[in-house]
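Reader: I'd like to learn how to read a structure like this one. Could you take me through it step by step?

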Amino acid sequence: MAARRERSERGALRLDPRLIIGIVLIAGSTFGVWSLVTGLDDGVEVYVARDTLTPGTRIQADDLATESVRLGASGARYLVADGLPDDGLVVARTIEAGELVPEAAVDETDRTGLATVVVPSRGPLPAEIAPGARVDVWTAKQVERGGFEPPAVLVSDAEIAGIIESEGMVSTDGTSVELLIPREKVAALLGALAAGDAIDLVPARSTGE
């Protein structure tokens, strides 16, 4: 009987508690890795500005790039890919190149109150003058004897919408600048251009300066 009991005990399956704990830990670790990978893949396709976009510009899907990002609850603040209407949207405030496009920065209609005026440059442009930069427009009226009156600011804090380079020009001479200015200033600026007044663009100081 003793020998039979010994053989029975020897054939019985014994589970080591440490083995059970190890299996539980491995299963938990596997589930944690799976959850992490699943979370990392939970991205949202949103629009990104390819170039600097200035107020009043109407944009289409071709003007933007897309990027998959994880934004969580803040995802609703940005323009989701395929969220553009067929006729596009109008930029309401400057969107820098590479910036995610905020919903608040675009609108279905132009509410900026701005107009675009092209101003020819009288010489090389300062390095600070680029799309999205702010400039003051200085003018000096031409007098009968060929001189000019003392210059004064005609439009302050205008935004540059674009730079137009003349084809075939090697130097910066002949370059024109697209300015976004308040509509009530358009007549005065066009009048200065028609009269041949001297017009210069000077980088505007930031508010903190």
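Author: Let's begin with accessibility: buried means under 20% relative accessible area, exposed means over 50%, and partly exposed lies in between (1.4 Å probe, protein chains only). R183, with a relative accessible area of 47%, is therefore partly exposed. Please keep in mind that this is a predicted model, where local features need pLDDT of at least 70 and side-chain atom pairs count only at pLDDT 80 or more, while totals for chains, interfaces and linings use all residues. Residues are numbered from 1 along each chain as its sequence is written, and side-chain values use heavy atoms, with hydrogens and water left out.

Reader: With which residue does R183 form a salt bridge?

Author: A salt bridge is a side-chain nitrogen of Lys or Arg within 4 Å of a carboxyl oxygen of Asp or Glu. The partner of R183 is D110, and their closest N and O atoms are 3.7 Å apart. D110 sits in the loop between β5 and β6 and R183 in the loop between β9 and α3, so this pair ties together parts that are 73 residues apart in sequence. Strands (E, at least two residues) and helices (H or I, at least four) are DSSP runs, numbered from the N terminus.

Reader: How many salt bridges does the structure hold?

Author: There are six. One of them joins R122 to D200, with the closest N and O atoms 2.7 Å apart. R122 is in the loop between β6 and β7 and D200 is in strand β10, 78 residues apart. At a relative accessible area of 55%, R122 is exposed, whereas D200, at 32%, is partly exposed.

Reader: And how should I read a sheet?

Author: Strands of a sheet pair through backbone hydrogen bonds, either parallel or antiparallel. Two strands count as paired if DSSP finds at least two bridges between them. Here, five strands make an open sheet in the order β6-β9-β8-β7-β10, with antiparallel pairing. Its edge strands, β6 (114-120) and β10 (198-203), each pair on one side only.

Reader: Which residue in β8 is the bridge partner of W138?

Author: That is V153. W138 belongs to strand β7 (residues 134-140), and five bridges join β7 to β8 (residues 152-164). W138 has 32% relative accessibility, so the residue counts as partly exposed.

Reader: In which order do the strands of the three-stranded sheet run?

Author: The order is β2-β4-β5, again an open sheet with antiparallel pairing. Two bridges join β2 to β4 (residues 89-91), and I59 has L89 in β4 as its bridge partner.
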